[in-house]
Each structure stands twice: as C-alpha cells, then as structure tokens.
Amino acid sequence: MKKRQFKLVICLRDLNVKVPEAVAIGDTVTLSCDYDLETAALYSVRWYFDSEEFYRYVAKEQPPGRDFKTNELEVDLLKSNASKVTIKNVKITQSGLYLCEVSADAPLFHTENSGSVMTVVELPSTEPFIIVNNPTPELHNSINQVFVSYGDTFKVTCISPVSHPPVNFTWSVNNEKYSESNSGVRKSGESWSELSAFVDSRIYSPITGRIIIRCETNIFKLYHGVTEQELYVQNTHHYYLGDRMHPTTYDHRNGGRGDPDNSALTGFSVLIKPNNNVVLKLLILLVIWTIFCCCL
C-alpha cells in the first residue's frame with residue numbers, strides 16, 4: 001500500500017508593515033502593509049489601533065474599504081486600499097500600536113498580522129534658550145556680554161518650550177561634548193537641562209578669550225532645535241614655562257606654579273599677569289645677559 005504524501009502549502013508570507021516612528025500633531029500619515037499571497041486570492045485586510053479595528057478592506061465587497069471611526073481616527077478612504085491606509089489630522093491621543101492583519105481567501109483563510117508603534121508628537125513652539133545661572137552685575141557689560149572668571153565653575157540652564165514627549169538635550173562647550181548635570185520638566189511643561197563646567201585650559205583658549213556653549217534639543221528624528229551662548233573669560237593669569245605660555249590660576253598648593261597636571265617642569269617658573277609685558281621682557285633680557293656673561 002502506498003503511503004500518502006502531504007505537502008505543506010503556505011499561501012501568505014513576507015508580511016511587512018511600515019509605520020512611521022514619530023509624526024507631528026495634525027500630520028497626514030500613510031501606513032503600509034505589504035505581503036505575498038503567492039497563488040491565493042485576498043480575502044481581507046484589517047487595521048487595528050491598540051486592538052480596536054479602525055479600517056477594513058474586503059476584496060469581494062463594494063465598496064471594498066470602510067472605516068469604523070475608532071478613537072477619532074480620520075481615515076481617508078480615497079487614499080486607502082488593500083496595501084495601505086491613510087490617516088488625516090492625527091492627534092496626540094493616537095500614539096500607540098498599529099497592527100495590520102491579512103487573510104487569504106478560501107479554503108485555507110490563512111491569516112498573518114504584524115504591527116509597530118507610532119508616536120504623535122507635540123513640537124516645541126520656539127527654539128530653546130540658555131540662561132546663565134546667578135549672574136552678578138559686574139559680570140555684564142553695556143552690550144550684554146557675560147563674563148566668567150578663570151578657575152571658577154559656571155552653571156547654565158537650557159530651557160525648551162512645552163512638548164510631548166519632552167525633548168532630549170545635548171551639550172557642547174567649544175565643540176567638545178559635555179554631559180548634563182541635571183534635567184527635568186517644570187510644572188508648566190517646559191523641559192530643562194543644566195550644565196556645570198570648570199573654566200580651565202581644557203575649555204578656554206586665550207586666543208579667542210571666550211567660551212561658546214551650545215545646547216541642542218531633539219525629539220526622535222522629527223525635531224531639532226539649537227541655541228548658543230558666549231561666555232567671556234576674565235581674571236586670567238599666565239605662567240611662563242620655558243618658551244610656552246599657559247593660562248592657569250595661582251595654586252598655592254602647587255607652589256604658585258602654572259602646572260595643573262603636576263608634570264615635571266624644566267626651566268624656571270615666574271608668575272606674570274597679562275599686562276606685565278614689560279616685566280616679562282626685562283626677565284628675558286636678564287636671562288640672555290646672564291648666559292652671555294657665562295660664556296665669556
């Protein structure tokens with residue numbers, strides 16, 4: 001007696017659902033549902049939002065597409081079909097899981113489903129802005145330049161208007177990335193992030209005499225904001241080390257030397273303020289004269 005052979009028939013495969021990760025309030029959004037029925041006929045395509053059906057396409061019905069007004073979803077029937085559904089004027093309450101379910105026709109009615117989460121975003125109304133915390137009157141001039149002292153720690157706060165979800169913050173100081181020291185959301189809904197940094201040779205350049213602070217905000221890939229604040233550095237001292245000038249603060253624990261990393265120093269070390277150029281020149285002339293006398 002011959003054994004019966006059974007062949008596995010798969011008529012629905014390669015189901016691929018494409019849902020935008022994030023969209024803005026009021027946008028028109030198209031969700032797509034691609035699949036391969038092989039030789040089978042299509043019976044229906046159903047779309048669900050958080051487990052509730054809001055759009056159905058049945059190939060044998062006329063018209064084939066219909067919507068169910070679920071969760072105030074506005075389906076554009078003229079732009080929806082067996083492979084996509086278009087939603088108009090999305091609302092903040094329509095963030096969630098969108099699922100596509102495809103069924104092949106008789107006799108098997110093979111059914112598959114797949115979905116993805118979409119977030120509806122309330123964008124900030126304006127760009128972020130930076131506030132220098134606890135500024136003192138003497139650290140502002142007539143053209144509103146803000147000054148900080150070398151060797152001090154400054155604190156700045158970046159504030160972004162109301163958004164949903166809250167923005168993510170990224171800080172940089174003179175193009176170097178810095179981590180925030182604190183962040184949160186105010187009762188008013190504004191997001192904020194605070195940065196604290198010590199003013200030393202790592203972030204201060206005597207060539208420009210200033211520090212450029214940059215705050216960037218983003219929500220997914222949908223929104224990007226940026227603002228900058230300049231801080232001008234004052235009260236700097238320079239130490240002459242051999243043939244190099246280094247900005248630093250006077251450190252009594254280090255014997256007053258300009259050596260923030262405690263490395264071995266060669267030559268001599270003299271504290272000189274930037275406006276004492278005459279004294280510096282005299283010291284250099286004295287060294288040259290001493291060397292000349294020793295060579296005679």
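This is a predicted model: local features need pLDDT of at least 70, side-chain atom pairs count only at pLDDT 80 or more; totals for chains, interfaces and linings use all residues.

Guide: A residue counts as buried when its relative accessible area is under 20%. Phenylalanine 49 has a relative accessibility of 2%, so it counts as buried. Tyrosine 98, at 0% relative accessibility, is buried as well.

A search of the whole structure turns up three aromatic pairs. One of them is formed by phenylalanine 49 and tyrosine 98 and is tilted, with 4.8 Å centre to centre and 35 degrees between the planes. This pair links distant parts of the chain: phenylalanine 49 belongs to strand 4 (residues 42-49) and tyrosine 98 to strand 9 (residues 96-104), the two being 49 residues apart.

Tyrosine 98 also pairs with phenylalanine 54, and that pair is edge-to-face: the centres are 6.0 Å apart and the planes are at 85 degrees. Distant parts of the chain are again linked, since phenylalanine 54 is in strand 5 (residues 52-58) and tyrosine 98 in strand 9, 44 residues apart. Phenylalanine 54 has a relative accessible area of 0%, so this residue is buried. Phe49, Phe54 and Tyr98 together make one aromatic cluster.

For contrast, consider the surface. Leu282, Ile284, Leu285 and Ile288 make a nonpolar surface patch of about 390 Å². Isoleucine 284 lies in helix 1 (residues 277-295) and is partly exposed, with a relative accessible area of 34%.

Terms used: Residues are numbered from 1 along each chain as its sequence is written. Side-chain values use heavy atoms; hydrogens and water are left out. Patches are made of residues with over 30% relative accessible area and no salt bridge: like charges are joined within 9 Å, nonpolar side chains (Val, Leu, Ile, Met, Phe, Trp, Tyr) within 5 Å. Accessible areas come from the Shrake-Rupley method with a 1.4 Å probe; for residues, only the protein chains shown count as cover. A salt bridge is a side-chain nitrogen of Lys or Arg within 4 Å of a carboxyl oxygen of Asp or Glu. Helices (H or I, at least four residues) and strands (E, at least two) are DSSP runs, numbered from the N terminus. Buried means under 20% relative accessible area, exposed over 50%, partly exposed in between (1.4 Å probe, protein chains only). Rings of Phe, Tyr and Trp (its six-membered ring) pair if their centres lie within 6.5 Å; planes under 30 degrees apart count as stacked, over 60 as edge-to-face and the rest as tilted.
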